[in-house]
Amino acid sequence: MVIKTKEGASLLIALVATICVTIVSICMHAAWWVTLLVAVGVFAAIALFSLLMMYKYVAYKLKPIYSIVLSRDVHTTEILDELKDKHVEDVSRELTAWADDNDKEIARLKETEKFRKQYLGNVAHELKTPIFNIQGYITTLLDGGLEDELINRTYLERAEKSIDRMINIINDLDTISRLESDMNQMKLQTFDIVALAKEIADQSEMEARKKEITIIVKGSDNLPSPFMVVADKHYIGQVLVNLIINSIHYGKKGGTTTVRFRDMIDKILIEVEDNGLGISKEDTQRIFERFYRTDKGRSREQGGTGLGLAIVKHIIEAHGERITVRSELGVGSTFSFTLKKASKKEIDNR
């Protein structure tokens with residue numbers, strides 16, 4: 001026999017007690033009406049008493065649990081009120097659900113703590129190198145190198161380079177912090193994404209010339225109509241700057257960086273492609289992580305902070321879109337992302 005409710009258990013106890021009393025009454029040859037009255041009275045009294053005791057016992061057992069769940073002292077009457085219209089199974093399901101949610105929250109907090117420690121460790125590691133370099137250069141100068149014309153200017157230039165690297169890291173960290181807190185305040189506007197890409201390509205021309213890399217904005221002069229998008233122009237400009245400069249840093253000498261656009265009905269697909277070093281399959285899974293580098297030594301030599309692609313990912317996801325990468329070692333890489341295509345009404349209201 002399976003008893004699922006407190007009421008069912010109390011009735012069963014009362015029934016057993018009533019049967020015992022009835023048997024005793026019959027054995028004592030009591031009148032039938034006396035036996036009936038006694039049986040009814042015993043049944044009612046035992047049923048009510050056992051039900052009350054069960055309520056009290058369950059409330060006593062649940063009180064510390066509810067105090068933990070609600071994070072406060074819980075009065076017994078509160079639990080009794082809670083149990084009035086509930087079965088034990090309902091209470092069990094609620095507490096199990098709470099325990100599951102609590103386990104998930106603990107797991108999330110542990111993951112956050114792990115990420116925080118890793119993030120702080122990465123920041124410390126990235127800042128430590130330029131700081132130690134600066135300290136070494138200045139110590140050498142103070143120990144007599146300042147009077148040596150062969151090394152004083154060289155060491156000062158190297159110290160300046162390390163300072164610039166620290167400034168770049170701090171600026172990128174500040175950018176990520178602002179992105180995480182202020183992306184709800186993006187200034188969406190309608191603009192021509194091809195024109196913006198051409199403008200940024202022109203600005204990057206001097207950097208590309210150092211490695212004899214040609215930047216091509218595909219179709220910028222012969223597109224039938226502008227590729228109008230709705231986005232935050234400032235932040236999308238930052239995305240294009242990071243992707244184009246990244247393609248130059250990792251491009252091969254005499255190579256090309258190509259920016260392409262495709263009309264995807266309600267989206268515009270933007271692709272930044274290079275024919276440089278490429279990225280291994282293992283690294284493509286992690287290149288959008290903060291401070292992750294596929295070639296740590298070369299990245300630092302190029303002046304990279306390891307935060308550029310993390311910033312790009314933040315901005316694109318804040319627009320409700322995704323960025324992906326296709327790459328092959330020795331062949332090159334293509335970074336792709338989409339933006340909302342502007343409607344005719346939005347274009348007319350510019």
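Surface patches, as the term is used here, are made of residues with over 30% relative accessible area and no salt bridge, where like charges are joined within 9 Å and nonpolar side chains (Val, Leu, Ile, Met, Phe, Trp, Tyr) within 5 Å. A salt bridge is a side-chain nitrogen of Lys or Arg within 4 Å of a carboxyl oxygen of Asp or Glu. Accessible areas come from the Shrake-Rupley method with a 1.4 Å probe, and for residues only the protein chains shown count as cover.

The model is predicted: local features need pLDDT of at least 70, side-chain atom pairs count only at pLDDT 80 or more, and totals for chains, interfaces and linings use all residues. Residues are numbered from 1 along each chain as its sequence is written, and side-chain values use heavy atoms, with hydrogens and water left out.

**The whole chain**

Of its 350 residues, 35% count as buried. Buried means under 20% relative accessible area, exposed over 50%, and partly exposed in between (1.4 Å probe, protein chains only). Switch to a surface display: the protein chain exposes about 21,700 Å², with 58% of that area supplied by carbon and sulfur atoms. Among contacts with a separation of 6 or more, 73% join residues 24 or more positions apart, a contact being heavy atoms within 4.5 Å.

Select Trp32, Trp33, Leu36, Leu37 and Val40, which make a nonpolar surface patch of about 630 Å². Leu37 belongs to helix α2, residues 32-70. Leu37 counts as exposed because its relative accessibility is 57%.

Next, select helix α1, residues 6-27, and find Ser25 within it. With 11% relative accessibility, Ser25 counts as buried. Apart from residues up to four places away in sequence, Ser25 touches Ala30 and Thr35. A C-alpha to C-alpha distance of 9.0 Å separates Ser25 from Ala39, 14 residues away in sequence.

Ala14 is also in helix α1. The relative accessibility of Ala14 is 0%, so this residue counts as buried. Which residues does Ala14 touch, not counting those up to four places away in sequence? They are Phe43, Ile46 and Ala47.

**Helix α6**

Move to residues 193-203, helix α6, where Ile193, Val194, Leu196, Ala197, Ile200 and Ala201 are buried. Viewed down the axis of α6, these buried residues fall within an arc of 160°, so they line one face of the helix; the arc is that of the directions from the helix axis to the C-beta atoms.

At the N-terminal end of α6, show the side chain of Asp192, which caps the helix through a side-chain oxygen 3.0 Å from the backbone nitrogen of Val194. Such a polar contact is a pair of N or O atoms within 3.5 Å; within protein, one must be able to donate a hydrogen and the other to accept it, and residues adjacent in sequence count only if both atoms are side-chain atoms. Val194 has a relative accessible area of 5% and is therefore buried.

Select Thr258 in strand β4. Thr258 counts as buried, at 7% relative accessibility. Leaving aside neighbours within four places in sequence, Thr258 is in contact with Ile216, Lys218, Glu271, Val272 and Glu273. Thr334 is 76 residues from Thr258 in sequence, yet their C-alpha atoms lie 9.1 Å apart.

Follow the chain to Ile265, in the loop between β4 (256-263) and β5 (267-274). Is Ile265 buried or exposed? Ile265 counts as exposed, at 75% relative accessibility. Its phi is near 70°, a positive value in a residue other than glycine.

Glu212 sits in the loop between α7 (205-209) and β2 (214-217). Glu212 has a positive phi of about 60°, although it is not a glycine.

**Helix α11**

Finally, select residues 308-318, helix α11, whose buried residues are Leu309, Ala310, Ile311, Val312, Ile315 and Ile316. Just after α11, Gly320 takes a positive phi of about 80°.

Note on methods: Helices (H or I, at least four residues) and strands (E, at least two) are DSSP runs, numbered from the N terminus.
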